Amino acid sequence: MTDSPAVPPPILSVVVPVRNEVGNVGPLLADIETACATISGFEVIFVNDGSSDGTAQALAGLIVSRPWLRVVTHAQSCGQSAAVRSGVRHARSAIVATLDGDGQNDPAFLPRMLEALQQAGLQAGLVQGQRVGRKDTGFKKLQSRIANGVRGRILKDGTRDTGCGLKCFRREAYLALPYFDALHRFMPALMAREGYGIVHVEVRDRPRLTGVSNYGFFDRLWVGILDLAGVWWLIRRRKRIPQIVPDTQS
């Protein structure tokens, strides 16, 4: 008996954290499938972060006819950063893209972000989406503007909108970052700390498909103050990044 050939890893793994998004997972998955049709090999990983509605049942129905769809389930809600990390750890591709599970991030930009990372070369670790035409409430946009302004002045990460869920990055680089809650909001600064370049791509924002936000937004500034101080400390404590000299004797 001969062994079956190994299945090659996909070119792109798309990770989507969701919590109580029963009305959004189906339409969002259809949009992702359409957007990734031009990518020769992809997988989608929905991370069900302890949903208490019908999200689990909806995902179970969607996975039946889609071999490229995988579901990771948290027994209880652990937060968006933890959900993203679970998805990245289960990803089979060396390149991972993320987007929020409420449908506001448009999956149509996924191929463009993948191409931007590939063209930038191995020295680039992250492509960060920058939202235009925000569809949030005025209060939520004001909070994001304040939080992004404070973060930018302190960390000097050169990024206007780190809160955008549309990101594309190298899996190995992400897993090497120090993990903490709200990591996803500080990825440009931490990637730069590790010596990686950051690419920015403007992306279109959409209205939420259904329901209301299931992850609180006060952490954009007030709860995130300690995280901001911690990231600032990590950057200040950065040592010289070793440059490996090629072995010329082999």
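Hi everyone, let's start with Ile63, which is partly exposed at a relative accessible area of 30%. Here buried means under 20% relative accessible area, exposed over 50%, and partly exposed in between, using a 1.4 Å probe and protein chains only. Ile63 sits in helix α2, residues 55–63; helices (H or I, at least four residues) and strands (E, at least two) are DSSP runs numbered from the N terminus.

A word on the source. This is a predicted model, where local features need pLDDT of at least 70 and side-chain atom pairs count only at pLDDT 80 or more, while totals for chains, interfaces and linings use all residues. Residues are numbered from 1 along each chain as its sequence is written, and side-chain values use heavy atoms, leaving out hydrogens and water.

Now the overall picture. The chain has 8 helices and 7 strands, and buried residues make up 48% of its 250 residues. Among contacts (heavy atoms within 4.5 Å) with a separation of 6 or more, 82% are between residues 24 or more positions apart.

Beyond its neighbours within four places in sequence, Ser81 is in contact with residues including Tyr174, Tyr179, Phe180 and His184.

On to the charged pairs. How many salt bridges does a search of the whole structure find? There are 8, a salt bridge being a side-chain nitrogen of Lys or Arg within 4 Å of a carboxyl oxygen of Asp or Glu.

In one of them, Arg66 meets Glu33 at 3.7 Å, N to O. Arg66 lies in the loop between α2 and β3 (69–74) and Glu33 in helix α1 (residues 25–35), so this pair ties together parts 33 residues apart in sequence.

Next, Arg92 pairs with Glu43, with the closest N and O atoms 3.4 Å apart. That links the loop between α3 and β4 (95–98) to strand β2 (residues 42–49), 49 residues apart. Arg92 is partly exposed at 42%, whereas Glu43 is buried at 1%.

Then there is Arg204 with Asp106, at 2.3 Å between the closest N and O atoms. Arg204 lies in strand β7 (residues 197–204) and Asp106 in the loop between β4 and α4 (110–120), so parts 98 residues apart in sequence are tied together. Salt bridges with shared partners join Asp31, Asp106, Arg204 and Arg206 into one network.

Thanks, happy to chat!
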